[in-house]
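Here is a short note for a colleague who is meeting this structure for the first time. Please read the points beside the model.

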Number of protein chains: 2
Amino acid sequence: MSTVRVAVVGLGMIGGSVARRFAPHHDVRVWDSDPATRTAAEHAGLQVTDDLAGTDVVVVATPLEAMPTVLSGLSTSDGPLVTDVGSVKVPVLAAARAAGLAGRYVGGHPMAGVERSGFAAADPELLAGAVWVLTLEDDTDLAGWLAVAELVTGAGGRVLPTTAAAHDEAQARISGLPHLLSTALAVAGGIGGPLAGALAAGSFRDGTRVAGTRPELVAALCDGNRVALARVLAETLAELASARDALAGDGSVLPLATAGHQARRAWAEAAPAVGVTLDRDTPNLRDDLLALGAAGGSLDAVTSQQLHGRRPDVSGSPGQGRLRP
Amino acid sequence: MSTVRVAVVGLGMIGGSVARRFAPHHDVRVWDSDPATRTAAEHAGLQVTDDLAGTDVVVVATPLEAMPTVLSGLSTSDGPLVTDVGSVKVPVLAAARAAGLAGRYVGGHPMAGVERSGFAAADPELLAGAVWVLTLEDDTDLAGWLAVAELVTGAGGRVLPTTAAAHDEAQARISGLPHLLSTALAVAGGIGGPLAGALAAGSFRDGTRVAGTRPELVAALCDGNRVALARVLAETLAELASARDALAGDGSVLPLATAGHQARRAWAEAAPAVGVTLDRDTPNLRDDLLALGAAGGSLDAVTSQQLHGRRPDVSGSPGQGRLRP
């Protein structure tokens with residue numbers, strides 16, 4: 001692919017990793033509001049400037065709360081494509097639309113670790129082979145979306161197309177909820193004091209591992225996705241309240257245990273991947289892309305003619321069909 | 001220590017492991033209601049008989065639901081000491097008292113894995129260094145308790161003294177609750193379908209690991225401890241409902257995340273162990289033993305003069321004080 005003029009605004013762990021991943025292949029400029037971070041970026045060989053003129057793609061990688069301000073600053077009439085790396089997509093999409101960027105905004109979320117932070121933790125290898133969500137809405141310019149997808153796949157990312165709403169719902173289920181349940185379990189164990197601590201073993205250790213994440217990061221990822229997470233959490237509370245009622249009465253938790261066992265197996269027993277090729281000029285491309293993402297599939301390569309990817313082969317799978325990272 | 005005449009009734013994974021662990025050092029007889037299991041035990045060199053005459057200690061290792069029947073069969077006037085290996089203690093204590101065994105019943109729970117089952121999975125090494133709860137109630141005969149403790153420590157177990165009620169409460173917090181939360185998380189992820197499955201990573205994987213346990217085992221350990229678990233689960237539901245309210249309103253999950261983070265760190269950062277020696281003839285021995293267990297401590301050796309163990313040194317510890325297995 002040809003060289004793209006990329007600007008990365010915000011050089012935390014993810015933004016720094018993105019800048020360093022793109023830098024060998026593209027014309028990359030970076031900026032951060034923190035002078036010490038800018039100095040560190042310069043020492044890492046990055047080109048630091050706040051001049052975005054002539055940029056093809058701006059990657060907004062600031063903390064979520066700063067994104068609306070950055071996005072509103074990008075609302076020129078013939079500006080660049082805008083993407084971001086935030087862990088929640090509906091609020092950023094709303095901010096982009098409010099800034100008049102609807103058509104040329106492509107929400108992004110590289111699925112990489114959140115346990116460390118800061119430019120010092122940036123590592124381009126973190127993004128190698130990572131699933132990288134790119135959101136596609138009715139008002140997203142498809143050519144712009146494909147340009148961002150080409151940039152990401154060219155850097156080794158696996159682009160999963162979905163909507164901001166579907167992303168946030170899934171994210172609530174597989175990231176927000178596990179963090180909340182883990183912290184609640186750690187609290188319940190702590191109330192049990194040293195006796196409970198002495199008896200605790202594998203199930204408690206595994207269940208509380210992500211409670212070791214910095215509380216500010218947990219709060220950011222949960223609070224940032226509050227609408228979807230509140231809904232998913234309410235659903236899970238109802239499930240657990242049924243279990244409590246069964247225990248308090250004469251019932252059994254067997255139905256819940258069975259459903260959980262089946263869901264876990266379906267997830268863990270990944271379906272084999274099958275190759276997918278989409279014609280770039282097909283009139284149904286937007287729908288085909290969203291169907292690919294809904295099936296858990298992703299794109300590995302975007303060329304000027306075709307899109308190449310893979311999705312789980314659910315036809316022969318015992319599980320729900322999942323393309324393992 | 002001298003040879004003890006031990007009978008093990010029930011040769012599942014734990015009962016089989018106990019029999020094989022004691023067999024090299026003691027006069028061990030075993031029994032199981034299943035003929036094929038009896039044959040397997042004979043092939044493993046164990047002495048199979050249903051004659052318990054002259055036994056010093058009977059270890060009841062049947063499934064929980066069979067224990068009341070076995071216990072009532074042991075209610076002769078001058079019978080042996082009776083212990084068990086069930087994962088819940090209050091119901092077994094009640095059955096022992098109902099069978100007139102109160103004084104000579106010592107509830108036991110070796111903290112060993114539950115993921116496998118059957119005599120074929122029995123492994124004496126499973127119990128090497130394991131924390132082994134022995135319950136001590138107001139009506140437990142202390143000399144009998146010490147005899148069982150000597151047997152267990154002589155086989156390499158670490159005896160943690162506590163009451164049946166305190167055990168079941170702790171067990172609800174560190175085993176029943178993690179299993180229920182894990183299954184609920186797996187269900188919530190499954191509802192998200194292939195998209196959620198494709199985005200799921202470490203936090204979901206760790207949080208759902210024990211949902212892979214056989215549902216019948218999860219149901220047995222949860223249903224068997226229904227009173228304590230329903231109470232602990234209700235407490236956790238209230239905690240999570242607060243988080244949901246914070247998300248649905250304008251609040252933050254930061255307080256929960258902070259409390260969970262602190263509890264997890266306190267647990268994971270084990271206090272160093274300090275040695276403990278108790279005089280066997282001290283008039284406060286019963287209270288001293290329960291205090292040791294409440295502090296997360298345990299006994300490594302029981303002799304005719306003294307009891308040697310260890311407990312967390314909470315004086316210099318940043319955490320809640322925990323003696324790591």
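**Notes on salt bridges and the chain interface**

1. The side chains of E235(B) and R173(B) form a salt bridge, 2.9 Å from N to O. A salt bridge here is a side-chain nitrogen of Lys or Arg within 4 Å of a carboxyl oxygen of Asp or Glu. E235(B) sits in helix α10 (residues 226-248) of chain B and R173(B) in helix α6 (residues 164-191) of chain B, so the pair ties together parts 62 residues apart in sequence. Helices are DSSP runs of H or I with at least four residues, strands are runs of E with at least two, and both are numbered from the N terminus. R173(B) is buried, at 3% relative accessible area. E235(B) is partly exposed, at 29%. Buried means under 20% relative accessible area, exposed over 50%, and partly exposed in between (1.4 Å probe, protein chains only).

2. The model is predicted: local features need pLDDT of at least 70, side-chain atom pairs count only at pLDDT 80 or more, and totals for chains, interfaces and linings use all residues. Residues are numbered from 1 along each chain as its sequence is written, chains are lettered from A in the order in which they are written, and side-chain values use heavy atoms, without hydrogens and water.

3. The structure holds 26 salt bridges over all chains. One of them joins D56(B) to R5(B), with the closest N and O atoms 3.1 Å apart. D56(B) lies in the loop between β3 (47-48) and β4 (57-60) of chain B, and R5(B) in strand β1 (residues 5-9) of chain B, so parts 51 residues apart in sequence are tied together. In chain A, a network of salt bridges links E169(A), R173(A), R231(A) and E235(A).

4. Now the interface. 93 residues of chain A are in contact with 92 residues of chain B; contact means heavy atoms within 4.5 Å. The area buried between the chains is about 7700 Å², and carbon and sulfur atoms give 70% of this. Buried area is the accessible area (1.4 Å probe) that two parts lose on being put together, summed over both.

5. How many salt bridges cross the interface of chain A and chain B? The rule finds 2. R209(A) pairs with D206(B) in a salt bridge, the closest N and O atoms being 2.1 Å apart. Helix α6 (residues 164-191) of chain A gives the largest share of the side of chain A that touches chain B, 20 residues.
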